[in-house]
Amino acid sequence: MTPPRLRREIEERRTYLESPPDTVNIEFTGKCHMHPPCTYCVGKNGKDYQEPGHISDEQLEQYWPYMLQAQRVNDCTYGEFQLYPRHEEVVARLTANGVRFGFTTIGHLLNERRARFLLENAESLDFVVSINAATEETYRKYQGSGFDLTVRNLRRLVELNAELRPGKRPPFALSFIVMRGNRHEAIPFLRLARGLGVERVIFRHLFDMRVGDYAVRSFGHEFRYESERLDYKDYMALRAEVESSGEFGGMLIHFEWKAPESFIQEQAEPGVDIPCLFPWKYLCIRPVHDSYTPCCFMKKPIAKPSEASVAEVWNGEVMVGMRTELAAGKIPHHCRTHGDACPLVLESHRPQMLVQIK
Ligand SMILES: C[S@@+](CC[C@H](N)C(=O)[O-])C[C@H]1O[C@@H](n2cnc3c(N)ncnc32)[C@H](O)[C@@H]1O
Ligand code: SF4
Ligand code: SF4
(Lines give C-alpha, C1' and ligand atoms only; values in the text may rest on other atoms or scores of the structure.)
(Ligands and ions follow the chains in the order given, each with its own letter.)
Protein backbone atom coordinates (compact mmCIF):
# COMPACT_ATOMS: atom_id res chain seq x y z
CA MET A 1 0.00 0.00 0.00
CA THR A 2 1.19 3.51 -0.81
CA PRO A 3 2.33 5.35 2.33
CA PRO A 4 -0.28 7.97 3.40
CA ARG A 5 2.07 10.96 3.03
CA LEU A 6 2.99 9.96 -0.53
CA ARG A 7 -0.66 9.25 -1.39
CA ARG A 8 -1.53 12.78 -0.17
CA GLU A 9 1.27 14.35 -2.18
CA ILE A 10 0.07 12.54 -5.30
CA GLU A 11 -3.56 13.54 -4.73
CA GLU A 12 -2.47 17.15 -4.28
CA ARG A 13 -0.42 16.84 -7.50
CA ARG A 14 2.71 18.01 -5.67
CA THR A 15 5.76 18.24 -7.86
CA TYR A 16 8.31 18.84 -5.09
CA LEU A 17 8.09 15.82 -2.78
CA GLU A 18 8.76 15.36 0.89
CA SER A 19 8.30 11.59 0.46
CA PRO A 20 11.35 9.66 -0.72
CA PRO A 21 11.09 7.04 -3.53
CA ASP A 22 8.80 4.18 -2.50
CA THR A 23 10.63 1.73 -4.78
CA VAL A 24 14.40 1.90 -5.16
CA ASN A 25 16.07 -0.10 -7.89
CA ILE A 26 19.77 -0.26 -7.23
CA GLU A 27 22.83 -1.84 -8.82
CA PHE A 28 25.22 -3.41 -6.31
CA THR A 29 27.73 -4.86 -8.74
CA GLY A 30 28.61 -5.22 -12.41
CA LYS A 31 30.57 -8.44 -11.89
CA CYS A 32 29.53 -11.82 -13.18
CA HIS A 33 31.24 -15.21 -12.93
CA MET A 34 29.98 -16.41 -16.36
CA HIS A 35 32.98 -16.45 -18.74
CA PRO A 36 32.11 -16.37 -21.57
CA PRO A 37 28.85 -14.58 -20.72
CA CYS A 38 25.38 -15.93 -21.56
CA THR A 39 24.86 -15.34 -25.28
CA TYR A 40 21.75 -13.15 -24.85
CA CYS A 41 23.53 -10.85 -22.36
CA VAL A 42 24.27 -8.10 -24.88
CA GLY A 43 26.23 -5.69 -22.67
CA LYS A 44 28.68 -8.33 -21.50
CA ASN A 45 29.39 -9.65 -24.99
CA GLY A 46 30.61 -6.28 -26.35
CA LYS A 47 34.02 -6.36 -28.06
CA ASP A 48 35.67 -3.88 -25.71
CA TYR A 49 33.78 -4.98 -22.63
CA GLN A 50 35.61 -4.39 -19.37
CA GLU A 51 34.28 -6.00 -16.22
CA PRO A 52 32.90 -3.25 -13.95
CA GLY A 53 33.33 -3.25 -10.17
CA HIS A 54 30.94 -3.01 -7.21
CA ILE A 55 29.11 -0.10 -5.63
CA SER A 56 31.63 1.63 -3.31
CA ASP A 57 31.21 1.62 0.47
CA GLU A 58 30.75 5.43 0.42
CA GLN A 59 27.99 5.12 -2.17
CA LEU A 60 26.27 2.37 -0.21
CA GLU A 61 26.37 4.54 2.91
CA GLN A 62 24.78 7.40 1.00
CA TYR A 63 21.94 5.20 -0.31
CA TRP A 64 21.08 3.30 2.90
CA PRO A 65 18.60 5.92 4.20
CA TYR A 66 16.67 5.76 0.92
CA MET A 67 16.67 1.98 0.83
CA LEU A 68 15.47 1.79 4.42
CA GLN A 69 12.63 4.25 3.81
CA ALA A 70 11.43 2.45 0.67
CA GLN A 71 8.77 -0.25 0.76
CA ARG A 72 10.61 -2.18 -1.87
CA VAL A 73 14.22 -2.41 -3.08
CA ASN A 74 15.19 -4.36 -6.19
CA ASP A 75 18.72 -5.22 -7.12
CA CYS A 76 19.06 -4.34 -10.82
CA THR A 77 22.61 -5.61 -11.23
CA TYR A 78 23.75 -6.59 -14.69
CA GLY A 79 25.88 -9.25 -13.06
CA GLU A 80 25.54 -11.58 -10.07
CA PHE A 81 24.29 -9.98 -6.86
CA GLN A 82 25.91 -12.72 -4.77
CA LEU A 83 29.37 -11.68 -6.00
CA TYR A 84 28.94 -8.38 -4.17
CA PRO A 85 30.91 -8.95 -0.95
CA ARG A 86 28.27 -7.24 1.24
CA HIS A 87 25.24 -8.93 -0.32
CA GLU A 88 24.26 -10.74 2.90
CA GLU A 89 24.43 -7.53 4.89
CA VAL A 90 22.10 -5.91 2.31
CA VAL A 91 19.58 -8.76 2.53
CA ALA A 92 19.71 -8.96 6.32
CA ARG A 93 19.41 -5.23 6.97
CA LEU A 94 16.61 -4.61 4.50
CA THR A 95 14.51 -7.59 5.47
CA ALA A 96 15.05 -6.95 9.23
CA ASN A 97 13.60 -3.48 8.64
CA GLY A 98 10.58 -4.86 6.79
CA VAL A 99 11.74 -3.59 3.38
CA ARG A 100 10.86 -6.06 0.64
CA PHE A 101 13.92 -7.00 -1.38
CA GLY A 102 14.22 -8.74 -4.73
CA PHE A 103 17.08 -9.87 -6.96
CA THR A 104 17.72 -12.14 -9.95
CA THR A 105 20.44 -14.78 -10.25
CA ILE A 106 21.59 -17.51 -12.56
CA GLY A 107 21.61 -19.77 -9.50
CA HIS A 108 25.13 -21.25 -9.67
CA LEU A 109 26.18 -19.58 -6.41
CA LEU A 110 23.12 -20.71 -4.44
CA ASN A 111 24.99 -23.26 -2.34
CA GLU A 112 23.64 -24.81 0.87
CA ARG A 113 24.93 -22.04 3.14
CA ARG A 114 23.56 -19.22 0.97
CA ALA A 115 20.26 -21.04 0.51
CA ARG A 116 19.84 -21.33 4.30
CA PHE A 117 20.67 -17.68 4.73
CA LEU A 118 18.10 -16.61 2.12
CA LEU A 119 15.43 -18.84 3.62
CA GLU A 120 16.08 -17.43 7.08
CA ASN A 121 15.29 -13.99 5.63
CA ALA A 122 12.54 -15.16 3.32
CA GLU A 123 9.59 -13.29 4.84
CA SER A 124 10.51 -10.06 3.03
CA LEU A 125 12.43 -11.56 0.16
CA ASP A 126 11.65 -12.69 -3.36
CA PHE A 127 14.16 -13.67 -5.98
CA VAL A 128 14.21 -15.08 -9.49
CA VAL A 129 16.48 -17.81 -10.87
CA SER A 130 17.08 -17.58 -14.62
CA ILE A 131 17.29 -20.97 -16.30
CA ASN A 132 15.93 -20.65 -19.87
CA ALA A 133 16.06 -24.37 -20.63
CA ALA A 134 14.75 -27.75 -19.57
CA THR A 135 17.78 -29.78 -20.65
CA GLU A 136 21.53 -29.59 -20.36
CA GLU A 137 21.84 -29.44 -24.16
CA THR A 138 19.71 -26.32 -24.58
CA TYR A 139 21.15 -24.67 -21.48
CA ARG A 140 24.63 -25.09 -22.94
CA LYS A 141 23.65 -23.23 -26.14
CA TYR A 142 22.75 -20.08 -24.23
CA GLN A 143 24.64 -20.20 -20.96
CA GLY A 144 27.38 -22.80 -21.23
CA SER A 145 27.91 -25.18 -18.35
CA GLY A 146 25.93 -25.18 -15.12
CA PHE A 147 22.56 -26.79 -15.83
CA ASP A 148 23.06 -29.73 -13.47
CA LEU A 149 24.49 -27.46 -10.78
CA THR A 150 21.48 -25.11 -11.04
CA VAL A 151 18.99 -27.98 -10.85
CA ARG A 152 20.85 -29.45 -7.86
CA ASN A 153 20.84 -26.08 -6.09
CA LEU A 154 17.15 -25.59 -6.80
CA ARG A 155 16.22 -29.03 -5.56
CA ARG A 156 18.10 -28.45 -2.30
CA LEU A 157 16.60 -24.99 -1.93
CA VAL A 158 13.08 -26.38 -2.17
CA GLU A 159 13.91 -29.18 0.30
CA LEU A 160 15.38 -26.71 2.76
CA ASN A 161 12.37 -24.44 2.36
CA ALA A 162 10.07 -27.31 3.32
CA GLU A 163 12.31 -28.07 6.32
CA LEU A 164 12.81 -24.51 7.56
CA ARG A 165 9.47 -22.96 6.53
CA PRO A 166 6.94 -25.80 6.53
CA GLY A 167 3.76 -25.01 4.63
CA LYS A 168 5.22 -21.87 3.03
CA ARG A 169 5.80 -21.26 -0.65
CA PRO A 170 9.47 -21.19 -1.80
CA PRO A 171 10.41 -17.48 -1.98
CA PHE A 172 11.57 -17.59 -5.59
CA ALA A 173 10.41 -17.98 -9.19
CA LEU A 174 12.15 -19.60 -12.15
CA SER A 175 12.45 -17.53 -15.31
CA PHE A 176 12.65 -18.56 -18.94
CA ILE A 177 13.36 -16.17 -21.84
CA VAL A 178 11.38 -17.67 -24.71
CA MET A 179 13.55 -17.70 -27.86
CA ARG A 180 13.50 -19.49 -31.17
CA GLY A 181 16.10 -22.02 -30.03
CA ASN A 182 14.45 -22.96 -26.72
CA ARG A 183 10.73 -22.50 -27.50
CA HIS A 184 10.34 -26.27 -27.74
CA GLU A 185 11.45 -26.58 -24.10
CA ALA A 186 8.91 -24.14 -22.65
CA ILE A 187 6.44 -26.87 -21.64
CA PRO A 188 9.17 -29.27 -20.47
CA PHE A 189 10.52 -26.32 -18.41
CA LEU A 190 7.16 -26.06 -16.64
CA ARG A 191 7.30 -29.77 -15.94
CA LEU A 192 10.84 -29.42 -14.62
CA ALA A 193 9.72 -26.57 -12.32
CA ARG A 194 6.75 -28.56 -11.08
CA GLY A 195 8.92 -31.65 -10.52
CA LEU A 196 11.32 -29.56 -8.44
CA GLY A 197 8.45 -28.20 -6.33
CA VAL A 198 8.78 -24.65 -7.70
CA GLU A 199 5.41 -22.94 -7.77
CA ARG A 200 6.14 -19.65 -9.56
CA VAL A 201 7.56 -19.26 -13.07
CA ILE A 202 8.04 -16.31 -15.38
CA PHE A 203 8.16 -16.37 -19.17
CA ARG A 204 10.05 -13.40 -20.56
CA HIS A 205 10.87 -12.24 -24.06
CA LEU A 206 14.19 -11.01 -25.41
CA PHE A 207 14.34 -7.26 -24.78
CA ASP A 208 13.88 -5.05 -27.80
CA MET A 209 17.47 -3.80 -27.78
CA ARG A 210 17.78 -2.81 -31.45
CA VAL A 211 21.17 -4.47 -31.63
CA GLY A 212 21.08 -5.07 -35.39
CA ASP A 213 23.19 -7.98 -36.49
CA TYR A 214 24.49 -8.83 -33.00
CA ALA A 215 25.82 -12.38 -33.12
CA VAL A 216 27.99 -14.39 -30.74
CA ARG A 217 29.45 -17.83 -31.22
CA SER A 218 30.08 -19.03 -27.69
CA PHE A 219 29.41 -22.62 -26.63
CA GLY A 220 29.59 -24.03 -30.20
CA HIS A 221 26.30 -22.40 -31.17
CA GLU A 222 25.69 -19.25 -33.20
CA PHE A 223 23.35 -16.90 -31.39
CA ARG A 224 21.82 -14.19 -33.61
CA TYR A 225 19.77 -11.79 -31.57
CA GLU A 226 17.16 -10.80 -34.13
CA SER A 227 16.66 -14.39 -35.32
CA GLU A 228 16.14 -15.57 -31.75
CA ARG A 229 13.41 -12.99 -31.05
CA LEU A 230 9.90 -14.30 -31.46
CA ASP A 231 6.80 -12.43 -32.59
CA TYR A 232 4.15 -11.47 -30.09
CA LYS A 233 1.79 -13.99 -31.67
CA ASP A 234 4.27 -16.82 -30.99
CA TYR A 235 4.35 -15.87 -27.32
CA MET A 236 0.58 -15.70 -27.25
CA ALA A 237 0.44 -19.16 -28.84
CA LEU A 238 2.62 -20.46 -26.01
CA ARG A 239 0.34 -18.85 -23.47
CA ALA A 240 -2.69 -20.48 -25.08
CA GLU A 241 -0.89 -23.83 -25.14
CA VAL A 242 -0.06 -23.58 -21.43
CA GLU A 243 -3.57 -22.50 -20.48
CA SER A 244 -5.32 -25.14 -22.53
CA SER A 245 -3.04 -27.98 -21.41
CA GLY A 246 -4.80 -28.26 -18.04
CA GLU A 247 -1.50 -29.62 -16.78
CA PHE A 248 -0.22 -26.84 -14.57
CA GLY A 249 -3.09 -26.07 -12.21
CA GLY A 250 -1.88 -24.54 -8.96
CA MET A 251 1.30 -23.05 -10.46
CA LEU A 252 1.63 -19.26 -10.74
CA ILE A 253 2.71 -18.59 -14.31
CA HIS A 254 3.53 -15.01 -15.32
CA PHE A 255 3.74 -13.98 -18.96
CA GLU A 256 5.89 -10.89 -18.83
CA TRP A 257 5.67 -9.79 -22.44
CA LYS A 258 2.43 -8.12 -21.46
CA ALA A 259 4.66 -5.91 -19.35
CA PRO A 260 5.04 -2.47 -21.00
CA GLU A 261 1.57 -1.15 -20.15
CA SER A 262 1.35 -3.13 -16.94
CA PHE A 263 4.53 -1.51 -15.52
CA ILE A 264 2.80 1.87 -15.71
CA GLN A 265 -0.51 0.44 -14.45
CA GLU A 266 1.28 -1.04 -11.43
CA GLN A 267 2.23 2.47 -10.34
CA ALA A 268 -1.33 3.84 -10.71
CA GLU A 269 -3.35 5.02 -7.71
CA PRO A 270 -7.12 4.56 -7.47
CA GLY A 271 -8.95 7.82 -8.22
CA VAL A 272 -5.83 9.60 -9.55
CA ASP A 273 -5.83 10.49 -13.26
CA ILE A 274 -2.12 11.31 -13.67
CA PRO A 275 -1.00 9.23 -16.69
CA CYS A 276 2.22 7.90 -15.11
CA LEU A 277 3.24 7.94 -11.46
CA PHE A 278 6.78 6.60 -11.85
CA PRO A 279 8.36 9.99 -11.03
CA TRP A 280 6.44 10.12 -7.73
CA LYS A 281 7.23 6.61 -6.61
CA TYR A 282 10.37 5.16 -8.12
CA LEU A 283 14.06 5.81 -8.65
CA CYS A 284 16.70 3.63 -10.29
CA ILE A 285 20.23 4.18 -9.01
CA ARG A 286 23.11 2.62 -10.93
CA PRO A 287 26.30 3.61 -9.15
CA VAL A 288 28.44 1.18 -11.16
CA HIS A 289 27.26 2.59 -14.49
CA ASP A 290 26.94 6.11 -13.06
CA SER A 291 23.31 6.65 -13.88
CA TYR A 292 20.00 7.67 -12.31
CA THR A 293 16.78 6.93 -14.24
CA PRO A 294 13.17 7.70 -13.28
CA CYS A 295 11.38 4.61 -14.65
CA CYS A 296 12.04 1.25 -16.26
CA PHE A 297 11.79 2.60 -19.82
CA MET A 298 14.28 5.44 -19.84
CA LYS A 299 17.77 4.19 -20.57
CA LYS A 300 19.55 7.56 -20.77
CA PRO A 301 20.51 8.88 -17.35
CA ILE A 302 18.80 11.98 -15.97
CA ALA A 303 21.85 12.54 -13.74
CA LYS A 304 24.99 10.80 -12.54
CA PRO A 305 25.57 9.38 -9.05
CA SER A 306 29.16 10.67 -9.25
CA GLU A 307 27.82 14.21 -9.62
CA ALA A 308 24.47 14.38 -7.79
CA SER A 309 22.93 13.02 -4.59
CA VAL A 310 19.53 11.32 -4.50
CA ALA A 311 18.03 14.43 -2.85
CA GLU A 312 19.34 16.61 -5.69
CA VAL A 313 17.91 14.29 -8.33
CA TRP A 314 14.61 13.42 -6.63
CA ASN A 315 13.57 17.06 -6.42
CA GLY A 316 15.83 18.30 -9.21
CA GLU A 317 14.84 20.13 -12.38
CA VAL A 318 14.20 17.04 -14.50
CA MET A 319 12.03 15.13 -12.00
CA VAL A 320 10.06 18.21 -10.94
CA GLY A 321 9.57 19.13 -14.62
CA MET A 322 8.33 15.61 -15.42
CA ARG A 323 5.90 15.70 -12.47
CA THR A 324 4.64 19.14 -13.50
CA GLU A 325 3.77 18.03 -17.03
CA LEU A 326 2.34 14.68 -15.93
CA ALA A 327 0.20 16.38 -13.25
CA ALA A 328 -1.23 18.53 -16.07
CA GLY A 329 -2.07 15.37 -18.02
CA LYS A 330 0.77 15.77 -20.54
CA ILE A 331 3.52 13.35 -21.50
CA PRO A 332 6.69 15.17 -20.43
CA HIS A 333 9.00 16.63 -23.03
CA HIS A 334 11.92 14.83 -21.36
CA CYS A 335 10.12 11.48 -21.73
CA ARG A 336 9.24 12.20 -25.35
CA THR A 337 12.87 12.83 -26.15
CA HIS A 338 14.42 10.15 -23.91
CA GLY A 339 11.64 7.65 -23.10
CA ASP A 340 12.65 4.91 -25.58
CA ALA A 341 10.00 2.16 -25.54
CA CYS A 342 7.60 3.75 -23.03
CA PRO A 343 4.08 2.96 -24.29
CA LEU A 344 2.82 6.46 -23.36
CA VAL A 345 5.62 8.07 -25.35
CA LEU A 346 5.00 5.82 -28.36
CA GLU A 347 1.30 6.66 -28.17
CA SER A 348 2.01 10.39 -27.85
CA HIS A 349 4.01 10.36 -31.09
CA ARG A 350 1.08 9.05 -33.10
CA PRO A 351 -1.15 12.15 -33.42
CA GLN A 352 1.88 14.26 -34.33
CA MET A 353 2.65 11.96 -37.24
CA LEU A 354 -0.95 12.29 -38.43
CA VAL A 355 -0.67 16.07 -38.32
CA GLN A 356 2.49 15.95 -40.44
CA ILE A 357 0.85 13.73 -43.05
CA LYS A 358 -2.15 16.04 -43.30
C1 LIG B 1 20.80 -9.19 -16.59
S2 LIG B 1 20.36 -10.54 -15.61
C3 LIG B 1 21.27 -10.22 -14.14
C4 LIG B 1 21.01 -11.22 -13.07
C5 LIG B 1 21.66 -12.57 -13.21
N6 LIG B 1 23.01 -12.50 -13.61
C7 LIG B 1 20.87 -13.48 -14.14
O8 LIG B 1 21.36 -13.80 -15.22
O9 LIG B 1 19.77 -13.86 -13.74
C10 LIG B 1 18.69 -10.19 -15.12
C11 LIG B 1 17.65 -10.92 -15.93
O12 LIG B 1 17.67 -10.42 -17.25
C13 LIG B 1 17.56 -11.50 -18.15
N14 LIG B 1 18.19 -11.07 -19.41
C15 LIG B 1 19.49 -10.92 -19.71
N16 LIG B 1 19.65 -10.50 -20.99
C17 LIG B 1 18.41 -10.40 -21.51
C18 LIG B 1 17.87 -10.02 -22.79
N19 LIG B 1 18.68 -9.67 -23.79
N20 LIG B 1 16.55 -10.02 -22.96
C21 LIG B 1 15.70 -10.41 -21.94
N22 LIG B 1 16.14 -10.77 -20.71
C23 LIG B 1 17.47 -10.76 -20.50
C24 LIG B 1 18.28 -12.64 -17.45
O25 LIG B 1 17.87 -13.91 -17.93
C26 LIG B 1 17.84 -12.41 -16.02
O27 LIG B 1 16.62 -13.08 -15.77
S1 SF4 C 1 24.57 -14.62 -15.54
FE2 SF4 C 1 23.32 -12.80 -15.85
S3 SF4 C 1 24.77 -11.07 -15.88
FE4 SF4 C 1 25.97 -12.96 -16.07
S5 SF4 C 1 26.27 -13.18 -18.27
FE6 SF4 C 1 24.41 -14.35 -17.72
S7 SF4 C 1 22.68 -12.90 -17.99
FE8 SF4 C 1 24.59 -11.71 -17.97
S1 SF4 D 1 9.17 7.60 -19.99
FE2 SF4 D 1 8.04 9.10 -18.72
S3 SF4 D 1 5.89 8.65 -19.10
FE4 SF4 D 1 7.05 6.86 -19.74
S5 SF4 D 1 7.12 5.50 -17.96
FE6 SF4 D 1 8.95 6.77 -17.91
S7 SF4 D 1 8.41 8.51 -16.61
FE8 SF4 D 1 6.48 7.54 -17.23
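Predicted model: local features only at pLDDT ≥ 70, side-chain atom pairs only at ≥ 80, totals over all residues.
Begin by selecting the nine strands that form an open sheet with mixed pairing; they run in the order S9-S6-S5-S4-S3-S2-S1-S10-S11. At the two edges are strand S9 (252–255) and strand S11 (291–293), each of which pairs on one side only. Looking across the sheet, one finds neighbouring strands turned against each other by 20 degrees on average, with direction ignored.

In what sense do S6 and S9 pair, and over how many bridges? The pairing is parallel and comprises four bridges. Within it, select Ile-202; the residue standing opposite in S9 is His-254.

**Helix H13**

Move to helix H13, residues 317–327, and show the side chains of Met-319, Met-322, Arg-323 and Leu-326. These four residues are buried. They lie on the same side of H13, because the arc they cover around the axis is only 95 degrees. To see what this side meets, display H11, helix H12 (310–314) and helix H14 (333–338): the buried residues of H13 pack against these elements. Following H13, select Gly-329, which has a positive phi, near 85 degrees.

**Around ligand 3**

Centre the view on ligand 3, which is surrounded by 16 residues. The closest are Cys-276, Cys-295, Cys-335, Gly-339 and Cys-342. Two elements give two or more residues to this shell, namely helix H11 (278–281) and helix H15 (343–357). How do the residues of the shell around ligand 3 divide by class? There are 15 nonpolar residues, one polar and no charged.

**Around ligand 1**

Finish at ligand 1. Its shell holds 17 residues, of which Thr-104, Ile-106, Ser-130, Leu-206 and Phe-207 are the closest. Colour strand S3 (100–105) and strand S5 (172–178): these are the elements that give two or more residues to the shell. By class, the shell around ligand 1 consists of nine nonpolar, six polar and two charged residues.

Methods:
Residues numbered from 1 in each chain as written. Chains lettered and ligands numbered in written order. Near = placed C-beta within 6 Å. Nonpolar A, V, L, I, M, F, W, Y, C, P; charged D, E, K, R; others polar. Pairing = 2+ DSSP bridges. Axes fitted to C-alpha atoms, helices over the stretch in contact; angles between N-to-C directions. Buried ≥ 20, exposed ≤ 12 C-beta atoms within 10 Å, placed from the backbone. Arc of directions from axis to C-beta. Contact = placed C-beta atoms within 7 Å.
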